[in-house]
Amino acid sequence: MEINIDIDDPVPLFAQLVTQIKQAVNQEKLTAGDALPSIRQLANDLTMNSKTVAKAYRLLERDGVIQARGYRGTFIHPDAKQNSTLDLNEWLHTTLNDTIGKLKAAGITDSEIRIAFSQAMNNKQN
């Protein structure tokens, strides 16, 4: 599998990496149990910061596309193909947009929404 990162693309580098790994799984270029390079190795191969690759790996693990097995390495998850079609980020944006639309329809101001969102993110209540 070849990964091509475009530093001029407005899409963040970690997102490009996530997308390309998910595409490789969907196209069966990567299958369940396949080993992935270590974070350090992939960062070196792509001349990227290892923190960027680590972020991509964390998101892929969260999405159930890869699984880390400690010192043994990182592998394609058994359910990766099914999980590669799920885009939690897209779901997040859709859900937030729907919620904000309902709040505005109820007459809530942008300022009130921002304050409530900030409080919710900080687990604060009035």
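User: Which residues of α3 are buried?
Analyst: This is a predicted model, where local features need pLDDT of at least 70, side-chain atom pairs count only at pLDDT 80 or more, and totals for chains, interfaces and linings use all residues. Residues are numbered from 1 along each chain as its sequence is written, and side-chain values use heavy atoms, with hydrogens and water left out. Buried means under 20% relative accessible area, exposed over 50%, and partly exposed in between (1.4 Å probe, protein chains only). On that basis the buried set in α3 is Val53, Ala54, Ala56, Tyr57 and Leu60.

User: Which exposed residues does the face turned away from the buried side of α3 carry?
Analyst: Helices here are DSSP runs (H or I, at least four residues), as are strands (E, at least two), numbered from the N terminus. α3 spans residues 50-62. Its face away from the buried side carries Lys51 and Arg58.

User: At the start of α3, which residue's side-chain oxygen reaches the backbone nitrogen of Lys51?
Analyst: The oxygen comes to within 2.7 Å of that nitrogen. The residue it belongs to is Asn49.

User: What is the mean pLDDT of the chain?
Analyst: pLDDT is the predictor's confidence in each residue, from 0 to 100. In this chain 98% of residues reach 70 or more, and the mean is 92.

Methods
The expected span of a helix is 1.5 Å times one less than its number of residues. A polar contact is a pair of N or O atoms within 3.5 Å; within protein, one must be able to donate a hydrogen and the other to accept it, and residues adjacent in sequence count only if both atoms are side-chain atoms.
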